Amino acid sequence: MAGLHTRSAMAAPFSLASAFRSLSIATPKRAFSTTPATQSVPKLPETAPVYPYGPSQWYKQADSGLYGGASIRFGNKISKGRNAGKTRRSWKPNVRRKKIESEALGESVFIKVTRRALRSIYKAKGLDNYLLSDRPTRLKELGPFGWNLRHQIMQTPAIKEKFAKQRKAFGVPEPPSLGKWMRDHRLEIRNKIENLDIDAMTKPRASPRSTQSYGR
């Protein structure tokens, strides 16, 4: 019996050592962090014109899809009964990923779109008609993503041919290319550059506060 007690007492440290040896102090694969992930703003290609309304200032996520001007709304949740009161809450837009066909591009585009913008696309009878609308309210709700997609559609041969037929029907001359316009106005541009007074334009101006004397 004494021998059995001795063996069990000697075996305990070895079992604990093997148990601690299996533990790992390495960093877990899924580290928890309270810092919110940074949202990257999509940049327009250099060939696309500058978006007149700029990126969204309050809801950055709207720059990555067709949100139709929707953003987060804030309000109160009113409770009834014994615990009557108001609780602040927010409502996010109904965003979904959907594949929409574009006749001009000849393919289906997989984009993030809200239910509000999707209803407008169905009313316009297609994605191309929705993006090519020239109403100020429509241009404002496109965002940088819709503006870039609109520019890509306008560069397709089908849309260029459609615009050429419309100009011919209304008797509007075809606009000149950038290279042709530069050649026609070369002398005018050169004269403006030569007449520029760089020293006067770059001279620092005195602030109005420095010219005033504050006497006691």
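**Entry 1: helix 5**

I started with Lys 165 and Glu 161, which both lie in helix 5 (residues 157-170), four residues apart, or about one turn of the helix. This is a predicted model, and I kept that in mind throughout. The two side chains form a salt bridge, with the closest N and O atoms 3.8 Å apart. I then looked up how open each partner is. Lys 165 counts as exposed at 56% relative accessibility, while Glu 161 counts as partly exposed at 47%.

**Entry 2: the other salt bridges**

How many salt bridges does the count come to? I found three. A reminder to myself: side chains of opposite charge can pair when their charged atoms come close.

In helix 7 (residues 186-194) I noted Lys 192 and Glu 188, four residues apart, about one turn of the helix. Their closest N and O atoms are 3.7 Å apart, and the pair forms a salt bridge. Lys 192 is exposed, with a relative accessible area of 54%; Glu 188 is partly exposed, at 40%.

Arg 138 and Glu 141 also meet in a salt bridge, at 3.1 Å from N to O. These two are three residues apart in helix 4 (residues 136-154), which separates them by about one helical turn.

**Entry 3: helix 2**

Next I went to helix 2 (residues 115-123) and asked which of its residues are buried. They are Ala 117, Leu 118 and Ile 121. Seen down the axis of helix 2, these buried residues fall within an arc of 100°, so they line one face of the helix. On the face turned away from that buried side I found Tyr 122 and Lys 123, both exposed.

What covers the buried residues of helix 2? The cover includes strand 3 (95-102), strand 4 (107-114) and helix 3 (127-131). I also jotted down Lys 125, which sits just after helix 2 and takes a positive phi of about 65°.

**Entry 4: Leu 131**

Helix 3 was part of that cover, and I stayed with helix 3 to look at Leu 131, which has its place there. Leu 131 is buried, with a relative accessible area of 0%. Which residues is Leu 131 in contact with, leaving aside its neighbours within four places in sequence? My list reads Leu 66, Leu 142, Gly 146, Leu 149, Arg 150 and Ile 153. I also took one C-alpha distance: Leu 131 and Asn 148, 17 residues apart along the chain, are separated by 9.9 Å.

**Entry 5: aromatic rings**

I turned to the rings and found three aromatic pairs in the structure. For Tyr 59 and Tyr 67, the ring centres are 5.9 Å apart and the planes stand at 75°, so this pair is edge-to-face. Both residues are out of the open: Tyr 59 is buried at 10% relative accessible area, and Tyr 67 is buried at 2%. Elsewhere, ring pairs link Tyr 51, Tyr 53 and Trp 147 into a cluster.

**Entry 6: a nonpolar patch**

On the surface I came across a nonpolar patch formed by Ile 193, Leu 196, Ile 198 and Met 201. Together these residues have about 430 Å² of accessible area. I followed up one member: Met 201 is found in helix 8 (residues 198-202) and counts as exposed at 58% relative accessibility.

**Entry 7: the whole chain**

Last, I stepped back to the overall picture. The protein chain has nine helices and four strands. Along the sequence, the pattern reads α-β-β-β-β-α-α-α-α-α-α-α-α. What share of the 216 residues is buried? I wrote down 20%.

The accessible surface of the protein chain comes to about 18,400 Å², and 55% of that belongs to carbon and sulfur atoms. For contacts with a separation of 6 or more, I noted that residues 24 or more positions apart account for 41%.

Conventions: Residues are numbered from 1 along each chain as its sequence is written. This is a predicted model: local features need pLDDT of at least 70, side-chain atom pairs count only at pLDDT 80 or more; totals for chains, interfaces and linings use all residues. Side-chain values use heavy atoms; hydrogens and water are left out. Buried means under 20% relative accessible area, exposed over 50%, partly exposed in between (1.4 Å probe, protein chains only). The arc is that of the directions from the helix axis to the C-beta atoms. Contact means heavy atoms within 4.5 Å. A salt bridge is a side-chain nitrogen of Lys or Arg within 4 Å of a carboxyl oxygen of Asp or Glu. Patches are made of residues with over 30% relative accessible area and no salt bridge: like charges are joined within 9 Å, nonpolar side chains (Val, Leu, Ile, Met, Phe, Trp, Tyr) within 5 Å. Accessible areas come from the Shrake-Rupley method with a 1.4 Å probe; for residues, only the protein chains shown count as cover. Rings of Phe, Tyr and Trp (its six-membered ring) pair if their centres lie within 6.5 Å; planes under 30 degrees apart count as stacked, over 60 as edge-to-face and the rest as tilted.
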